[in-house]
Amino acid sequence: MSLDERFNAAADTVKSLTQRPTNDELLELYALFKQGSIGDNTTEKPGLLDLKGKAKWEAWTGKLGMGQDEAKEAYIAKVDELLALYPHS
């Protein structure tokens, strides 16, 4: 399987978790997914009242400079880690 196929398979597989990961784990997944699929964050920072959007923006911006392939590999590894920690169907 190619890296892109493994990345997409991991994105589908993570949806099978039956227990919700922690907010920090979800932010890490989000940031790695965005970095792997889009690259560096070039969007405007959300306003102060958008706490969820701000947290997601900061998590993604924290991956600035990470290559897309590296982010995809890290995302796949994180999904594997979560599948070992949490029940899934």
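Glycine 39 follows α2 and has a positive phi, near 105°. Helices here are DSSP runs of H or I with at least four residues, numbered from the N terminus. The model is predicted, so to speak of local features we require pLDDT of at least 70, and side-chain atom pairs count only at pLDDT 80 or more, while totals for chains, interfaces and linings use all residues. Residues are numbered from 1 along each chain as its sequence is written, and side-chain values use heavy atoms, with hydrogens and water left out.

α2 itself has 15 residues and reaches 21 Å from its first C-alpha to its last, close to the 21 Å expected at 1.5 Å a residue, that expectation being 1.5 Å times one less than the number of residues.

Which residues of α2 are buried? They are Glu25, Leu29, Ala31, Leu32, Lys34, Gln35 and Gly36, where buried means under 20% relative accessible area with a 1.4 Å probe, protein chains only. These buried residues pack against α1 (3-13), α3 and α4 (68-85).

I turn now to lysine 63, in the loop between α3 and α4. Lysine 63 counts as buried because its relative accessibility is 15%. Its side chain makes a polar contact with the side chain of glutamate 28, at 3.0 Å; such a contact is a pair of N or O atoms within 3.5 Å, one able to donate a hydrogen and the other to accept it. Leaving aside neighbours within four places in sequence, lysine 63 is in contact (heavy atoms within 4.5 Å) with Glu28, Ala31, Leu32, Gln35 and Asp40.

Definitions and conventions
Helix = DSSP H or I, 4+ residues; strand = E, 2+ residues; numbered from the N terminus. Buried < 20%, exposed > 50% of the residue type's maximum accessible area, 1.4 Å probe, protein only.
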